[in-house]
Amino acid sequence: MSAARRWWRGASFRFAVLYALLFATSMAALGGFVYWSSVDVIERQVGDTVQAELRGLAEQYAERGLPRLLEVIEQRSAPGGDTDNVYLLVAPSGQHLAGNLRSWPEAAQPDGEWLRLRLFRTLEHTEPVTVGARAFELRGGFRLLVGRDMGARESLRRTILEAIGWGLGAALLLGAFGGWLLGRYLLSRVETVSRISRRIVDGDLSQRVPLSGTGDAFDRLAENLNRMLARIETLMTGMRVVTDSLAHDLRSPLTRLRSRIEMALREQEALHPDGSGTGQEAADRQVLEQALAEVETIRGTFDSLIAIAEAEAGLTRVAFDRVDLAELVAELAELYEPLAEESHCRLRVALDGPAAVPGHRQLLAQALSNLLDNALKYGCQGGEIAIALERTGGEALLSVSDRGPGIPAAAREEVLKRFVRLDESRSLPGSGLGLSLAAAVATLHDSRLELQDNAPGLKVVWRFALAADG
Amino acid sequence: MRILIVEDDAKTADYLAKGLDEAGHTVDCAADGREGLFLASGSDYDAVVLDRMLPKLDGLAVLQALRAAQIQTPVLILSAVGHVDERVKGLKAGGDDYVVKPFAFSELLARIEALSRRRTAVAAQTRLNVADLEMDLLARRVTRSGKAIDLQPREFKLLEYLLRHSGQTVTRTMLLEGVWDYHFDPQTNVIDVHVSRLRQKIDRDFGLPLIHTVRGVGYRLAEEA
């Protein structure tokens, strides 16, 4: 993945976007409220004032007639008064009678509704202005218009809108930056935890998550993780002690048993170096030799079980080195080639360049040798065993294929488990732990062992993920 | 050879002493780590068989103390801990070989006898020979009765190992370790077929066989059977 794409998909980026959106939304909501409560409310108040004034003028007219109305309008629209106030009284013919508006606007219906007009107030005005007004028809066909110049309100509206715009921009920037910072902070703390857990998974149980000392949620998480780790470490150490002492307690009597049998055999040999002796002595010797072989079987099984348990516990990961799989395959192929030839089997090797993985050379070699042992033991009648190492994408595929009877699909998962042996193979020597050990070693190396149909025969595929620089 | 056995299990120690004595060695025994360290640093042994888990002073601690005191007696660690990494730990601490219990006495004997040889054979040798078989390590050439024998690289290494231990019995696991550097039990007879191939080249066309099979144990390269 490229750095840009990783950044794009990263948590910091998502935090930045989320925060920017959140900030912008709250800023827009706040701005909207300010806008509505200032601009809209002002306009409504103006509308109410105009309505009251119109009603007042209509009453003046009704009570005291046209001359009084003319007088009031002249008075109110005199140059000394509030220039924002707009008045106009026209005769039924439309002729201008009084007021500071040049002529009756065509759009103005005299029905008392709130109007917004754009017009030139007098001949001197070169710019049209916005006027909020109400018009009313008086008795006798006279029409009266009262309004307010909304210029001030317009500039207020523009100022507020501008402020909202700037605020929104700043909110977006601050939000993005803050989100990014927060994301990076959270990520760095999570990253610490995940880096430490990775090392623990790799077998280093002494690792602990560092605390920042602030006692925040992350510290509490780290504390709980550390407590859990301490517990796991205790359990693992316990397991180690158990396997070690079990090993000791079982190996010591086995050593004595084996010694006794060997001593008895040596005494017999000292008595009859040429293998002669009575029939009873020959029978005794046979029993002793069988017993020795059984001790050897027990030891083999025991060693494999301990090795599997230890591989599964991941304790050996600390001893990992860089191992070139190609070199390992070549070495083991060379080791097994004469044996294969003796079994009238051709060992075909196909290597596809070096493929280095972090690993335990001895365990990998043992696992691979188990696979080759199995192939030779069960798959030799096909006349050919193929061992291959391919590199595809980020993977290295190590495979051992034979042309023997293979393993039925239903039993393939089963044989990777401990002690499972197929009925047909019970008569052959072996503990049934060879494949399980290989599977445990595969797990230890973060790789996977798969059994496939080689049509005919068995193909064991071992899938390794390669490091980017491998 | 004078051999010191440091082993807390009395029966195993007795058995070892008896077997080594029968094989013609002089044996002393120590039942704990402190006594073992005392004996090993006091007199000159050809080899020490050292148990890993000992009362009073752990086997590895004994070994480290010996090495710190510049006592270079070859040490074979005898351990009930079979793990591969334990083996590495033992060798790192200054051990020369590592055998896991339960062991076959023949395997242990072969390894002890190989140990003492190791100390004397450290000096750089450029030629190895047994009877009329000669190996030139610099020219990487092998001749028998003056006749050149063509060997594969691995066969050369195998023969070199046998020559370096000529007259001694070497086991299959010793060969897998010494020639291939793998420390697991060969399940099948992989090693035997390598030896029999080598035998074809070394012995077939010559009157006197040099590679002998030691029944149930391994092989020996020597002039006489």
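Two strands are said to pair if DSSP finds at least two bridges between them. In this predicted model, strand E7 (residues 133-136) of chain B meets that condition with strand E8 (residues 141-144) of chain B, to which four bridges join it. E7 and E8 of chain B run antiparallel. Within this pair, B:Glu134 stands opposite B:Thr143 in E8(B).

Four strands of chain B form an open sheet in the order E6-E7-E8-E9, with antiparallel pairing. Strand E6 (127-130) and strand E9 (147-149) of chain B stand at the edges. Each has a single partner strand, so one side of each is left without a neighbour in the sheet. From one strand to the next, the twist averages 25°. Helix H6 (residues 153-164) of chain B lies across E6, E7 and E8 of that chain. The helix runs at about 70° to E6(B).

Chain A holds eight helices and 12 strands. Of its 470 residues, buried residues make up 26%. Contacts in chain A were also sorted by separation in sequence. Among those between residues at least 6 apart, 64% join residues at least 24 apart.

Strand pairing in chain A comes in both senses around strand E9 (residues 384-392). Strand E7 (residues 346-351) of chain A pairs with E9(A) in the parallel sense, over six bridges. Here A:Leu351 stands opposite A:Leu389 in E9(A). Strand E10 (residues 395-402) of chain A pairs with E9(A) in the antiparallel sense, over eight bridges. In this second pairing, A:Arg391 stands opposite A:Ala396 in E10(A). E9(A) and E10(A) form a hairpin, with two residues between them. In the turn, A:Gly393 has a positive phi of about 60°.

In soluble globular proteins, nonpolar side chains tend to be buried together. The largest nonpolar core in the model has 106 residues. A:Val441, B:Val49 and B:Leu50 touch the most other members. Helix H7 (residues 361-378) of chain A gives this core its largest share, nine residues. At least three residues come from each of domain 2 (218-313) and domain 3 (321-465) of chain A. Leaving aside neighbours within four places in sequence, A:Val441 is in contact with A:Ala311, A:Leu363, A:Leu364 and A:Ala367. Another core, of 22 residues, lies apart from the largest one. Its members include A:Val50, A:Tyr61, A:Leu89 and A:Leu101.

The two chains also touch. Their contact takes 34 residues from chain A and 29 residues from chain B. On the side of chain A that touches chain B, helix H4 (217-271), H5, helix H6 (325-342) and H7 of chain A each supply at least two residues. The largest share of that side, 12 residues, comes from H4(A). By class, the side of chain A that touches chain B has 13 nonpolar, nine polar and 12 charged residues.

The C-alpha atoms of A:Ala293 and A:Arg258 are separated by 9.7 Å. Along the chain, A:Ala293 and A:Arg258 are 35 residues apart.

Methods:
Residues are numbered from 1 along each chain as its sequence is written. Chains are lettered from A and ligands numbered from 1 in the order in which they are written. This is a predicted model: local features need pLDDT of at least 70, side-chain atom pairs count only at pLDDT 80 or more; totals for chains, interfaces and linings use all residues. Axes are lines fitted to C-alpha atoms, for helices over the stretch in contact, and angles run from 0 to 180 degrees between N-to-C directions. Two residues are in contact if their C-beta atoms, placed from the backbone, lie within 7 Å. A nonpolar core is a set of buried Ala, Val, Leu, Ile, Met, Phe, Trp, Tyr and Cys residues joined through C-beta atoms within 7 Å. A residue is buried if 20 or more other C-beta atoms lie within 10 Å of its own, exposed if 12 or fewer, and partly exposed in between; C-beta atoms are placed from the backbone. Domain bounds come from an automatic or database domain assignment. Ala, Val, Leu, Ile, Met, Phe, Trp, Tyr, Cys and Pro count as nonpolar, Asp, Glu, Lys and Arg as charged, and the others, Gly among them, as polar.
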